[in-house]
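Colleague: Could you take me through how the features of a model like this one are read, giving the general idea before each case?

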Amino acid sequence: MAKKKKKAVQAPRDIHPARKPQFNRIFESRYYFAYYAIAIAILTIILFREFVFSNLMLFGSDTLLAGVYFREFFVEYFKAHGSVPLWDPYIFGGMPFVDAFHGDIFYPISFVFKMIFPLFRALGWVLVFHVFLAGISMFMCARAFRFGNLASSIAGISYMFAPYLVSFVAPGHDGKMFVTALFPFTMMFLERGMERKSYLDFIGLGTVIGLIILTPHPQMAYFSLWAIGSYFIFKLAVRYRKEKSIRSSGILTSLFVLAIITGLALSAIQFYPGYKYVKEHSPRSGEGRGGYEWATSWSMHTEEAVGMLVPLFAGTDSADGRLYWGRNLFKDNTEYIGVFPILLGILGLMFYRDTRKWYFLGLGIMSLIYALGATTPLFYLFYYFVPNVKSMRAPSMIIFLFSFSFALLTAAGVQYILSGFLSDKPDRRGKALKYLMITAIVYAVFALLWTVAGTGMLGLYRSIFYSNMAQAKLTAAEGNLGTIIASLWLVAVLFGATFFVVKMIATR
């Protein structure tokens, strides 16, 4: 008698931990970096298309006020004499040119642009290039931290197109853009150097530190050194705990000191005379500059902090009207880095298994607290205990470290969704989906409240956080209500879509 065929047993719907998602071949290609570079170059050109496909100047308010003159004087002098001018006779009856930080004199990248293009075009092209460079540096940094190509790409794109970086075009703050674009290279070389004990990686670190100081933006360079130094200490402690080797720690410390010396040596031509001038002769060190109120001027305030989660909550000053209603005198840029990097970064913190994420969480929190300045009493700790903080202002500048931290944490969140999410336990996967769903619902609820009762919600905000709002600011805030409502609905829809996409990944 013939045997009956056994009915095939259907595999359970839950995905076995050994199974991994199948990626398109492009993400595994050896040429992926070239594909990525071409893609972000196209995106950058699209963003700046009105400048790229014209013969016009890229507008920047500070560029028009002084930046064009400084650089025109330098370019004409250099082309005529083949050297750098040491004295500027046209300002205040004369002042030192190098010592007084007349822009990016020795910064090699912008120097090349100024020698190739007409100056009015070079000033724009160098900003466009550094937006592109930020995407390259962040991608390479994320890869050094062993994130996959797709996760690294999302980190790079979120960092380069963060409104915080791109909005610096409006005031023409090129030095801030240069430092922001270069900074991920420092963490890339430091991470690789600490892992490999590589002499060349530490030389690379020192070279980038030198470039950052030559940008020149001493305050942003100082913030960069805070992050570089603290991450070195973190990595050294982790390695020592693992290896228990004083010799290994000594070698790494020596290499790190070599990197710092290399950076200072490469930038000494600008750093030393500039530091001496600012301390002893600059009018910026004179009466009226100093004290807690001055050091905390141009801080982020509650409105800008809320604006990290609700795009353009506090508005910005624009040609269409003065719609900034925060507590600073005016605002032509934003500290907003994108809501997706923050919320996907939180997803990475919750579920991605890597101890380094806690360092970057700490760096992000520290940067945000510092950026808030006088908004919290914690700034007194920086003011009284950290050298040179009393000599600086505009603490909101440090937010580039927050942007960097959450770009890396975004890579962690994306990496978890693409790989760890599928192999994780069902209850942890459920928590991730619940997090995304709750986030979308919360945004939808606030979007509905502001849509139905925008004026009332604004009044509630004023009564809690901004009771002394001037009438002009109130008028600007009321004019910005449409933007707030649109931002809330947009983010709610995007996170709702993200929830459904991740849900589909979970069910294959």
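Modeller: We start with accessibility: a residue counts as buried under 20% relative accessible area, as exposed over 50%, and as partly exposed in between, with a 1.4 Å probe and protein chains only. Helices (H or I, at least four residues) and strands (E, at least two) are DSSP runs, numbered from the N terminus. This is a predicted model, in which local features need pLDDT of at least 70 and side-chain atom pairs count only at pLDDT 80 or more, while totals for chains, interfaces and linings use all residues. Residues are numbered from 1 along each chain as its sequence is written, and side-chain values use heavy atoms, with hydrogens and water left out.

Colleague: Which residues of H6 are buried?

Modeller: In H6 the buried residues are Asn149, Ala151, Ser152, Ser153, Ala155, Gly156, Ser158, Tyr159 and Met160. That makes nine of its twelve residues, so H6 is largely enclosed by the rest of the structure. With contact meaning heavy atoms within 4.5 Å, the cover over these buried residues includes H1, H5, helix H7 (163–166), helix H8 (174–196), H14 and H17.

Colleague: How is the length of a helix judged, and what does H1 reach from its first C-alpha to its last?

Modeller: The expected span is 1.5 Å times one less than the number of residues. Helix H1 (residues 32–47), with 16 residues, reaches 23 Å from its first C-alpha to its last, close to the 22 Å expected. Its buried residues are Tyr32, Tyr36, Ala37, Ile40 and Thr44. Seen down the axis of H1, these fall within an arc of 130° (taken over the directions from the helix axis to the C-beta atoms), so they line one face of the helix. Helix H5 (119–144) and helix H6 (149–160) are included in what covers them.

Colleague: Which residues does Ile136 contact, leaving aside its neighbours within four places in sequence?

Modeller: Ile136 lies in helix H5 and is buried, at a relative accessible area of 9%. With those sequence neighbours left aside, it is in contact with Phe33, Tyr36, Ala37, Ile40 and Phe185. The C-alpha atoms of Ile136 and Ala37 are separated by 6.9 Å, although the two residues are 99 apart along the chain.

Colleague: What should I look for in the nonpolar core?

Modeller: In soluble globular proteins, nonpolar side chains tend to be buried together. A nonpolar core is here a set of buried Ala, Val, Leu, Ile, Met, Phe, Trp, Tyr and Cys residues joined through side-chain atoms within 4.5 Å. The largest such core has 142 residues, and Trp325 and Phe360 have the most contacts inside it. Helix H17 (residues 399–423) gives the most to this core, with 17 residues. A second, separate core of eight residues includes Val75, Val98, Ile105 and Leu119.

Colleague: How many aromatic pairs does the structure hold?

Modeller: A pair of aromatic rings is described by the distance of the centres and the angle of the planes. Rings of Phe, Tyr and Trp (its six-membered ring) pair if their centres lie within 6.5 Å, and planes under 30 degrees apart count as stacked, over 60 as edge-to-face and the rest as tilted. The structure holds 57 such pairs. Phe129 and Phe132 form a tilted one, 6.3 Å centre to centre with 45° between the planes, and both lie in helix H5, three residues apart, about one turn of the helix. Trp325 and Tyr461, by contrast, form an edge-to-face pair, 5.7 Å centre to centre with 85° between the planes. Trp325 lies in the loop between strand E4 (321–322) and helix H14 (339–351) and Tyr461 in helix H18 (residues 426–465), so this pair ties together parts that are 136 residues apart in sequence. Trp325 is buried, at 0% relative accessibility, and Tyr461 is buried at 8%.

Colleague: Which backbone details would you check?

Modeller: Most residues other than glycine have a negative phi, and most peptide bonds are trans. Here a cis peptide bond joins Thr215 and Pro216, with omega about -20°, and Pro216 lies in the loop between helix H9 (199–214) and helix H10 (218–243). Leu312 has a positive phi of about 55° although it is not a glycine; it is placed in the loop between helix H13 (302–306) and strand E3 (317–318), and is partly exposed, at 39%. Ala394 likewise has a positive phi of about 55°, but Ala394 is buried, with a relative accessible area of 10%.
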